[in-house]
Amino acid sequence: MIMSKENELSVRENKSSLEVQTIDLSGNIPSLKDANELPIDLCGNYWTPESPGEFKKVIFLDIKPQKVLSQSTGELIDLDCVIFAEQNDNGDLITTMNGSIRLVGALQPYVENGTIRRGAMLKITFMGKKKNKTNANFSDNWSVKPIRINLQ
């Protein structure tokens, strides 16, 4: 499809194929009839692993606050969550998040120093619950390992 300057799509310049395309709503709107959907579902799923050894191979997207239901009060709260993309059986990407304080805390320094960036591939493994030394509570225990794929 060739568009005139007036109808040109406003596309954010970014190397990520997950970047959402936008259009200028003040001009003529192009037809969406032939638009192609990207292979990613933006409706996030909250991952709550059930047993030690459960893992996901994911693409890191971000750490940011999400509205989640508090387990103690039943109210919506802002919780810092790690946001990932993972492939479903069809190869499409779906977003997954987890707000474990230990997982967020483990990844945060690597995100801040640039070691882990948007697009980093990781294997996240739930290692079970570990008793805290300071109180009687148990915390999630995680393993986070970078993964590589052969792109040749």
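Aspartate 140 is buried, with a relative accessible area of 18% (buried means under 20%, exposed over 50% and partly exposed in between, with a 1.4 Å probe and protein chains only). This is a predicted model, where local features need pLDDT of at least 70, side-chain atom pairs count only at pLDDT 80 or more, and totals for chains, interfaces and linings use all residues. Residues are numbered from 1 along each chain as its sequence is written, and side-chain values use heavy atoms, with hydrogens and water left out.

**The fold**
- Along the sequence, the pattern reads β-β-β-β-α-β-β.
- Of the chain's 152 residues, 27% count as buried.
- Take contacts (heavy atoms within 4.5 Å) between residues at least 6 apart in sequence: 48% of them join residues at least 24 apart.

**Around aspartate 140**
- Aspartate 140 sits in strand β6, residues 138-146.
- Its side chain makes a polar contact with the side chain of lysine 129, at 2.7 Å (a pair of N or O atoms within 3.5 Å; within protein, one must be able to donate a hydrogen and the other to accept it, and residues adjacent in sequence count only if both atoms are side-chain atoms).
- Setting aside neighbours within four places in sequence, aspartate 140 touches Ser100, Arg102, Phe126, Gly128 and Lys129.

**Rings**
- There are two aromatic pairs (Phe, Tyr or Trp rings, the six-membered one for Trp, with centres within 6.5 Å; planes under 30 degrees apart are stacked, over 60 edge-to-face, the rest tilted).
- Phenylalanine 126 and tryptophan 142 have ring centres 5.4 Å apart and planes at 65 degrees, so this pair is edge-to-face.
- That pair links distant parts of the chain, 16 residues apart: phenylalanine 126 is in strand β5 (residues 121-131) and tryptophan 142 in strand β6.
- Phenylalanine 126 and tryptophan 142 are both buried.
- Ring pairs tie Trp47, Phe126 and Trp142 into a cluster.
- Elsewhere, lysine 123 lies over the face of phenylalanine 55, 4.4 Å from the ring centre (the rule asks for NZ of Lys or CZ of Arg within 6 Å of the centre and within 35 degrees of the ring normal).

Terms used:
Helix = DSSP H or I, 4+ residues; strand = E, 2+ residues; numbered from the N terminus.
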